[in-house]
Amino acid sequence: MLKKIISETDAAMAKAVAHTEHDFSTINTGKAQPSMVEGVQVEAYGTTMPLKNCATVTTPDARSIVVTPFDKGLLKAIEKAILGANIGITPMVQGGIVRCPVPELTGERRAELVKVANRYAEDGRVRVRNCRRDGLELIKKINKDKAASEDECKRAEKEIQTVTDKWIAAIDSALKAKETDLKTF
């Protein structure tokens, strides 16, 4: 019973860390990534659809994104949609593609993004601590109901704390990597 609580708590914490790492991946580090424009809504064929549904998005180098539409007639619509998305990228139509140069991040903007990353990390730590609290409450309930000995419950509480420390360290490690990435010019 206690082992099950520990493993469920561990799994919940792993999900919290994965969510935090996903949040980190949404922060623009100044390097071109297809995800920066894939969600832009393009008016095509009388409807609105995500860019990734009407074009191929690639990054030939670290500073540019190339959008190749499936239908060349969508070039102007794609250019207009990227401009209208207000994501800080100015697209240029070149032949049958739309080239989007990614501007260099300023030092001030990098500092703001580090603060955002720290906020995401703290949210992740709070999620992990909430999982710990839930697990400890279940253990206390088992102890109160005398379903397990007091020693077993104390051991389980220590194990949950060990698991918590492991996942908080994982968040801190991911944050450190993201900060390094953001501070690299």
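Q: Which residue just after helix 2 takes a positive phi?
A: That's asparagine 86, with a phi of about 55°. Helices (H or I, at least four residues) and strands (E, at least two) are DSSP runs numbered from the N terminus. This is a predicted model: local features need pLDDT of at least 70, side-chain atom pairs count only at pLDDT 80 or more, and totals for chains, interfaces and linings use all residues. Residues are numbered from 1 along each chain as its sequence is written, and side-chain values use heavy atoms, leaving out hydrogens and water.

Q: OK, which residues of helix 2 are buried?
A: Leu75, Ile78, Glu79, Ala81 and Ile82; buried means under 20% relative accessible area, exposed over 50% (1.4 Å probe, protein chains only). They cover an arc of only 165° around the axis (from the directions of the C-beta atoms), so they sit on the same side of helix 2.

Q: And what's exposed on the other side?
A: Lys76, Lys80 and Gly84.

Q: What does glutamate 79 contact, leaving aside neighbours within four places in sequence?
A: Pro91, Met92 and Val93, where contact means heavy atoms within 4.5 Å. Glutamate 79 has a relative accessible area of 18%.

Q: Switching to the sheet: what's the strand order?
A: It's an open sheet of four strands, 3-4-6-5, with antiparallel pairing; a pair needs at least two DSSP bridges. Strand 3 and strand 5 are at the edges with a single partner strand each, so one side of each has no neighbour in the sheet.

Q: How many bridges between strand 5 and strand 6?
A: Three, in the antiparallel sense. Valine 93 has valine 98 in strand 6 as its bridge partner.
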